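Subject: Structure handover

Hello,

Here is the structure I promised to pass on. Please open it first, then read my notes below.

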Amino acid sequence: APKIGGLEVSDTFLRFAFVEGKRCVLNSVRLAPGVVVDGVIRDAAAFSAALRELRHVIRVYEEVIPVVVTLSDVSVYMQLFRVPRTPDGGIDDAALELNIRSLAPFHIDDAYYGTEFVASPTPSEVELFVAFARKSMIDVFIALLAEHGFTVVAVEPLALSLVRVGREVFPFPSDEDVVLLHFTNAGLHVMVISAGLLAFHHFVVWPDLSSEDRVRQIDIVVLRDLLIRELRSVSIFYMHHFGGSLKAIFLTRSLPAEVELALSSAMSVRIVVLTYDAVAGFTSQSLIVFGAALRGLIPRDLDAQLSLTPRSVQADMLIMRIRHLGFFWRNIMVISTVAFCLLFLITDGIFAQRVRALDRELSLQGDAANVVELHAFRESAAAFNRDIDLALGVERERTSWAKFFAGFVTSSREGIILQRVALTVMRSSTSALLTAIAPSESSAIRFKNILTEDVRFRDVALPLTAITRNTNGSVSFQITFTVLPQSS
């Protein structure tokens with residue numbers, strides 16, 4: 001499968017990164033003022049030019065580069081909420097849908113949205129984050145990226161990328177909750193991280209200053225007072241929501257010593273400034289995009305994290321993976337066939353040379369024993385040739401699995417995520433066991449009906465006992481069916 005990178009889109013930069021062992025490979029292109037404003041593309045032509053330049057400096061020669069896109073939180077609305085559990089321990093889908101609709105900052109039909117698990121504060125409730133972004137904004141990003149050879153795997157808020165890189169790279173204590181302060185040109189991100197997950201997020205816009213590094217331009221007293229005010233608000237929220245008090249504040253960059261001292265004294269917490277030595281090529285500028293690149297390391301069928309994308313994006317990624325798999329096996333078949341033919345020619349030449357040598361020996365000696373040996377050798381050569389002919393016959397009659405899988409994926413438009421297909425090949429047919437995830441039971445049943453109507457399959461069965469509900473509302477299911485022989 002192609003390597004998945006991270007792509008950060010801010011008002012001032014496009015940053016691309018991917019993880020290579022213990023090294024972060026980073027490329028970036030500066031955006032002119034006004035091209036992207038508050039996370040929204042204002043100048044599509046200039047943004048396209050920046051994408052072309054980025055594609056040139058990346059020097060990745062894949063035809064299409066899959067990326068996890070992380071967007072400014074200015075353009076993404078996030079909210080914490082709780083939903084009740086069902087008696088069997090799942091999530092009440094009706095309550096979840098009602099909460100999402102009531103929390104949407106604009107009409108739900110105009111939004112892409114997703115949820116992220118936070119905690120289970122009580123046995124009867126689940127706490128979730130929901131994020132919303134306008135469809136029109138996301139669709140423009142996806143279209144422009146596709147024009148320049150990028151395919152979008154997922155779109156997530158900046159806060160989730162930050163928490164992921166914090167969880168994977170930095171030594172956050174596992175036995176206590178911490179506050180993470182991240183400083184960008186647009187403003188201050190205040191996050192509470194609990195058990196490695198985002199439990200709270202608040203974004204504060206800086207005063208309207210002209211400098212690129214607004215943190216350094218703000219008066220020390222103003223910066224100190226702003227930070228103390230915001231942290232006190234977070235502390236009050238944390239005390240009422242989680243109970244107890246916060247113990248540590250992590251900073252993604254250093255602050256003036258008097259500001260750090262004032263924070264520590266006012267909040268009675270320890271101050272920790274993050275360092276970036278754990279990963280080669282890792283800096284504070286690559287913090288966000290590296291978090292997005294880390295998500296690209298997660299296998300696609302295991303990535304259930306929040307994504308602000310249409311379902312068609314997931315289907316396109318699945319098709320691209322199967323296409324790469326088909327190319328891989330096609331190359332394997334070509335190499336195997338060439339190697340097989342070379343082996344056959346070499347072996348045939350050796351046998352022919354040996355037979356000619358024996359013929360010459362017989363003509364010179366007329367030895368009866370050599371005649372017997374010659375006949376035995378000819379019988380061995382004939383048996384070997386029959387085996388070769390049988391193998392070639394099997395090769396000609398093989399099922400075209402690449403065509404089978406390509407047609408199989410195209411036939412599914414129900415948001416199905418394939419997990420496993422087990423095949424048992426027999427002479428006249430092939431039995432199959434398919435394991436997959438569907439958004440709902442009705443989607444799984446419709447998918448089963450699609451297979452039933454396909455002339456390539458028969459004996460399609462989906463027992464009710466083979467359908468189980470997952471905690472995120474989806475269902476896992478297994479379908480058995482018989483694959484009829486296909487032409488090459």
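Of the 488 residues of the protein, 44% count as buried. Buried means under 20% relative accessible area, exposed means over 50%, and partly exposed lies in between (1.4 Å probe, protein chains only). The accessible surface comes to about 25200 Å², and 56% of it belongs to carbon and sulfur atoms. Those areas come from the Shrake-Rupley method with a 1.4 Å probe; for residues, only the protein chains shown count as cover.

This is a predicted model: local features need pLDDT of at least 70, side-chain atom pairs count only at pLDDT 80 or more, and totals for chains, interfaces and linings use all residues. Residues are numbered from 1 along each chain as its sequence is written, and side-chain values use heavy atoms, with hydrogens and water left out.

Confidence

The mean pLDDT of the protein is 81, and 83% of its residues reach 70 or more. pLDDT is the predictor's confidence in each residue, from 0 to 100. Over residues 209–213 the pLDDT is below 50. That stretch has ten contacts in the model beyond near neighbours in sequence. Contact means heavy atoms within 4.5 Å. Residues 323–329 also stay under 50. For them the model has two contacts beyond four places in sequence. Where pLDDT is low, the predicted coordinates should not be read in detail.

Overall make-up

The protein has twelve helices and 20 strands. Both are DSSP runs, numbered from the N terminus: helices are H or I with at least four residues, strands are E with at least two. Take the contacts between residues at least 6 apart in sequence: 63% of them join residues at least 24 apart.

Two strands pair if DSSP finds at least two bridges between them.

Strand 11 joins strand 12 through six bridges, and the two run antiparallel. Leu-180 has Met-191 in strand 12 as its bridge partner. The two strands form a hairpin with three residues between them. With strand 14, strand 11 pairs in the parallel sense over three bridges. There, Leu-181 has Leu-251 as its bridge partner.

Strand 12 (residues 187–194) also pairs with strand 13, antiparallel, over eight bridges. Gly-187 has Val-205 in strand 13 as its bridge partner.

Helix 6

Helix 6 (residues 220–241) has 22 residues. From its first C-alpha to its last it reaches 31 Å, close to the 32 Å expected at 1.5 Å a residue. That expected span is 1.5 Å times one less than the number of residues. Which residues of helix 6 are buried? They are Leu-223, Leu-226, Leu-227, Ile-228, Glu-230, Leu-231, Val-234 and Tyr-238. An α-helix has 3.6 residues a turn, so residues three or four places apart point the same way. Just after helix 6, Gly-243 takes a positive phi of about 85°.

Loop residues to look at

Asp-38 is not a glycine, yet has a positive phi of about 55°. It lies in the loop between strand 4 (36–37) and strand 5 (40–41). Asp-38 counts as partly exposed, at 41% relative accessibility.

Ala-195 also has a positive phi, near 55°. Its place is the loop between strand 12 and strand 13. Ala-195 counts as exposed, at 67% relative accessibility.

Pro-439 is in the loop between strand 17 (430–438) and helix 12 (441–453). Its relative accessible area is 26%, so Pro-439 is partly exposed. Pro-439 and Asn-472 are 33 residues apart in sequence and 9.3 Å apart in space, C-alpha to C-alpha.

Best wishes
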